[in-house]
Amino acid sequence: MVVNSINFWLFFLVFLIPYFTLLRKFTKAQNTWLLIASYFFYGLADWKMLPLLAVVTGLYYVLGIAIAKYNVANPKRASWLTTLGVVIGVGVLLYFKYFGFFVTEFAKLFNSIGIHANIGTFNIILPIGISFFTFKLMSYPIEVHRENIIPSRDPVQFAAYVAFFPTILSGPIDKPNTFLPQMAKSRHFNEDDFSEGFKRVIWGMFLKMCIADRLSPWTDAILNNYSHHNATSICVAAVLYLIQMYADFAGYSDMAIGVARIMGFRVTENFKRPFFAQNVSEYWRRWHISLTSWITNYIFMPLTVAFRSWQPWGLYLATLINLVVIGAWHGANWTFVLFGLYHGFILIVIVAVEKKRKKMEKKHNLKKNEVYKWSRRLLTFILCVIGALLFRAASVTDFFATLGNLSRGFGRIHHEGLMELVVLGIPSIFIMFFKEFKDEYKRDVNFLHSKNTFVSVASIVAIIAYIIFMGALDGGQFIYFQF
């Protein structure tokens, strides 16, 4: 049941009516109803994994209380319990997401040196959304141990935070110290929240249905059959795939944030115009922000402290580990590890030359030079396109074979489905970039958020009509559901 489906909105309507009427004055009742709805929603997606979700939630709830108790009475025991919380979370991820991969890879290794390894068949079901709710859970004991949050004494409240249905499948990843306090008070219907939430939802639908789902058939046709296509088609498909991936994931994030806003919750922003980044480091501060900030807070910062005596090599190593974790978080495939290494090495170069770059910019007065800024943005975009191609590849071999196929030279672009792409997909990309350009440069040109009621309403009607007539109403699943 995806957010841009009729079934979801029927479910959401059934949820909202009692939420904002009968239960509006009763915080515990609202949270209980939210928990029931969240488990029902997750059960529709993956009912076999509901017991896992319930068990790990209960375990971390108890851990949080115990850690808070021992923070004062026995700090060493509190540290051990916090470590246990991290180990359990990592263990759950390793088993469900990576165990089969490791076994298969070791079997290949043994077979390659002449040792026959009969591993049988591993068919471990990957719980949908596990990467997202596990990270939410692991952050909880850490924040309690750091005394940044008082542990929840309400199991329903805590369980509803973990299973929060707008974000459980694909994020954003909300930290407990920003989200749990919002659950401590009742939520009432608010016109401003409804208006802003609704606008975020329809913009997310536009990104998903008019861009991502319109680009997908053409990019799939090229990149799934790269050996049959020339450099022109592959390069265009690679560029469009990065835009498709952004529109798909940012579209989901906008819809999730919008749905949560209608309910009275503020969810973490996940994207901030990443294609306007002037280097890859800035790109990661604008792309999948909730994951990047999670990794930075709980992995990168502790590593920089641990490696501080190795400067600058300690910083380089921490950066590389940080990006490899981000890559590996996406799945059990060497392509994701290589994706992390690729971005990690780029970031190391950025850090290494930063002082010289700033000195050059100051000497030649380049900081406000638009030609200089746009050239850096173009280079960043190209580097990220290569990364996206690696991200999408089924294997490392496929990735290098795709790059090798560029040697076939440039020629006519693949024409099947091209007209539909040009007529339906490309105009939507221009609309997206127009909005992001005005937001990035703070141009006072507003449509959905116009202070003029007529302009705002007309814009809402226009974008809904555009989605209906130009969007792919039967589009595929969100890319990040697989993670």
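Modeller: Ser450 touches Val455 and Ser456, once residues up to four places away in sequence are set aside. The model is a predicted one.

Colleague: Where is Ser450, and why is Ser450 called buried?

Modeller: Ser450 sits in the loop between α16 (418-440) and α17 (453-470). Its relative accessibility is 17%, and buried means under 20%, so Ser450 counts as buried.

Colleague: Turn to Arg286. Why does Arg286 count as buried?

Modeller: Arg286 belongs to helix α10 (residues 280-286). Its relative accessibility is 10%, and the limit for buried is under 20%, so the label applies to Arg286.

Colleague: Which polar partners does the side chain of Arg286 have?

Modeller: The side chain of Arg286 makes a polar contact of 2.9 Å with the side chain of Glu440. A polar atom of the Arg286 side chain also lies 2.8 Å from the backbone oxygen of Arg273. Glu440 and Arg273 are also on the list of residues in contact with Arg286, neighbours within four places aside, a list including Asn270, Phe271 and Pro274.

Colleague: Next, the aromatic rings. How many aromatic pairs are there?

Modeller: The count comes to 53 aromatic pairs. One of the pairs is Tyr283 with Trp284, called edge-to-face because the ring planes stand at 90°, and over 60 degrees is the rule for that class. The centres of these two rings are 6.0 Å apart, and rings pair if their centres lie within 6.5 Å. Tyr283 is buried at 5% relative accessibility, and Trp284 is buried at 6%.

Colleague: What makes Phe339 and Phe391 a pair, and of which kind?

Modeller: Their ring centres are 5.4 Å apart, and the limit is 6.5 Å, so they pair. Their planes meet at 65°, and the cut-off is over 60 degrees, so the pair is edge-to-face. Phe339 is in helix α13 (residues 334-364) and Phe391 in helix α14 (residues 370-392), so the pair ties together parts 52 residues apart in sequence. Phe339 is buried at 6% relative accessible area, and Phe391 at 5%.

Colleague: How is the packing of α5 and α11 described, and which hand does the crossing have?

Modeller: Two packed helices are described by the angle between their axes and the distance between the axes. For α5 (residues 130-145) and α11 (residues 289-306) the angle is about 35° and the axes are 12 Å apart. The crossing of α5 and α11 is left-handed. Residues that meet here include Phe135 and Ile142 from α5, with Trp294 and Tyr298 from α11. By class, this contact has seven nonpolar, one polar and one charged residues.

Colleague: Helix α5 also holds Ser131. Why is Ser131 called buried, and what does its side chain join?

Modeller: Ser131 has a relative accessible area of 0%, and buried means under 20%, so Ser131 is buried. A polar contact of 2.2 Å joins its side chain to that of Lys97, inside the 3.5 Å limit.

Conventions: Residues numbered from 1 in each chain as written. Predicted model: local features only at pLDDT ≥ 70, side-chain atom pairs only at ≥ 80, totals over all residues. Heavy atoms only, no water. Axes fitted to C-alpha atoms, helices over the stretch in contact; angles between N-to-C directions. Helix = DSSP H or I, 4+ residues; strand = E, 2+ residues; numbered from the N terminus. Left-handed = near helix turned anticlockwise from the far one by under 90°. Contact = heavy atoms within 4.5 Å. Nonpolar A, V, L, I, M, F, W, Y, C, P; charged D, E, K, R; others polar. Buried < 20%, exposed > 50% of the residue type's maximum accessible area, 1.4 Å probe, protein only. Polar contact = N/O pair within 3.5 Å; in protein donor to acceptor, adjacent residues only side chain to side chain. Phe/Tyr/Trp six-rings, centres within 6.5 Å; stacked < 30°, edge-to-face > 60°.
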